[in-house]
Amino acid sequence: MTAAFRDLRDFLSRLEAEGELLRVKAEVSPELEITEITDRMSKSPGGGKALLFERVEGSGFPVLTNAFGSGERMSMALGAQDLDALGARVSGLLDMRPPATFRQKAALLPELLSLSKCLPRVRRMSRPPCQEVVLEGDDVDLGLLPALKCWPQDGGRFITLPVVFTKSLEGKRNAGMYRMQLFDRRTTGMHWHVHKDGSHYFDGYRRAGKRMEVAVAIGTDPAVTYAATAPMPQGLDEMLLAGFVRGSPVDLVKCRTVDLEVPATAEFVLEGYVDPEERRTEGPFGDHTGYYSLPGEYPVFHVTALTHRRDAIYSATVVGRPPMEDCYMAKATERVFLPPLRMIVPEIVDYWMPWEGVFHNIVVVAIRKEYPMQARKVMSSLWGNGQMSFAKMIAVVDDASLLRDKKRLLAHLLDAMDPWSDLVVTEGMLDVLDHSAPHALYGGKLGIDATARLAGEPPRGKKRFGRTGSGEETIASLRALDRGFVSCRAIAPGSRNPLQLIALRKGGQSTNHFIGRLAEAGRTADQGVVVLYDDIDLADDSLVLWRSFNNIDPLRDIRIGERSVIVDATRKGPADGFAREWPDEIEMSAEVKKRVDQRAKEIGL
């Protein structure tokens, strides 16, 4: 484990020393331009470099983006060369139980002494770094912050990397990360979802009819920033996790206008409150799903004080279609929280959450299989556990090496799966941002059992789908029936479940119209696993996976027949009986793309 970073600028110094930081000296706009530059860097091989924009139009503060946007930088941020080893340490922290006997107390003493060195501590400082400049009351002006408008349809400028501190009515501290739209000089939105701790605490204040005090730290040391995103058990202090990761306590200081504590070395701090009876329309916002999250009614944060370091650095993140910076943060969580997950589901050997599944939509789990229907037990355990309960699709295998070889994994799934016995379709809770389900917050879920059969389990059927033709043969037969068929890609035509990807131009028609045409085209067109998409480049594997994981509700969109499994991954609308609003995909404006193209050399791209 490396030494802890004292603050954000200590981390920046390390990034620069390691050649991981690009200083952008050209003046750039916080409206769209920083996003386009960051998006290009994020999607370059390995995640590119962290970006420090030294001259930001309309602001006296520099902006940092993509600081965590590579595997190397994420490990560096957490002071761990091996994230799995860090996960084992975190597992020990979460598994601490009160000792029952004197001997147990004595055995636990060294761990408790070590842990005591990581407990957050409130320091008395006459002028802590985060309060070198203090603006209160009418002097507060959120326009001083170089907050970003990230995407063209965004409802405004947003604070995108805030560490939001709250306390429950019982005094339990929580630190979470919830985006904040700037409404005016002294108010923002507070976008906490119904499933998050901040929202749970807020609901308690609402029932009590009391204002809830809030403090927001921007530009914290990397362990604190990460801890605010981590899926901690409810009620466990994220500042303890941050100190545990750092190997040293997080120094906190009292706020000036609210009864809360914040990291002493934060670059900016916003203090204030939310009123339980006040809500305002927030959004849209280009989100980490790659789609815009739609406008909604959320609490309003009233800022009573804005404090900052004299030469403060504004820290931000840009999210959108993966890969982007948050993918590496999610990958760290995947590795760090594997050992704690094994405490609950001990047969898990490893798991993989593809970026294209935007964290929750697909989980592939490798297990040690020892008894019949164990794969189903694992699915049920995960769907009933913490943030894993948001998972829309869970595939279970019994060979962990498959998780490290995507082509072998796909081949295994296509060759092993018996659609009539291995697919589990059910219903449950979903992430707030899932747009494809017929209802908000819940919808269909799919489990795939691709493990070997054991004695006592019914054998897989011998039935196989017939061999498909080439993509060119299939699309030719389909276009003869309907010009709405655009292209086809055939994958593993000789496997048990040959895969056909078909792109459509629906033109206002329902997907059912095209499914009917598949049957008319003959046995090769509706053979095997057929996945239907809107008109996209079917050769782009990442795009295909992203559309598949995000646009499907398993209860509605997967149809198992005698000759095929048909999966509808198209955009749904009124013709399909879809009543909710389907969000647009995020895309930067042509004007901004052109401007960045013209300035690429000046910017340093």
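The model is predicted, so local features need pLDDT of at least 70 and side-chain atom pairs count only at pLDDT 80 or more, while totals for chains, interfaces and linings use all residues. Residues are numbered from 1 along each chain as its sequence is written, and side-chain values use heavy atoms, with hydrogens and water left out.

**The sheet**

Strands here are DSSP runs of E with at least two residues, helices are runs of H or I with at least four, and both are numbered from the N terminus; two strands pair if DSSP finds at least two bridges between them.

Next, select residues 499-504 and 528-534, which are strands β25 and β26, running parallel and joined by six bridges. Within this pair, Leu499 stands opposite Val529 in β26.

**The helices across the sheet**

Axes are lines fitted to C-alpha atoms, for helices over the stretch in contact (heavy atoms within 4.5 Å), and angles run from 0 to 180 degrees between N-to-C directions.

**Arg479**

Zoom in on Arg479, which is in helix α14 (residues 471-479) and is partly exposed, with a relative accessible area of 24%; buried means under 20%, exposed over 50% and partly exposed in between, using a 1.4 Å probe and protein chains only. Not counting residues up to four places away in sequence, Arg479 touches Phe485 and Val486. The side chain of Arg479 reaches the backbone oxygen of Phe485 at 2.5 Å, and a polar atom of that side chain lies 3.4 Å from the backbone oxygen of Arg483. Although Arg479 and Ala521 are 42 residues apart along the chain, their C-alpha atoms are separated by 9.3 Å.

**Helix α9**

Finally, select residues 325-336, helix α9, which is mostly covered, with ten of its twelve residues buried. Among the buried residues are Cys327, Tyr328, Met329 and Val336.

How values were computed
A polar contact is a pair of N or O atoms within 3.5 Å; within protein, one must be able to donate a hydrogen and the other to accept it, and residues adjacent in sequence count only if both atoms are side-chain atoms. The expected span of a helix is 1.5 Å times one less than its number of residues.
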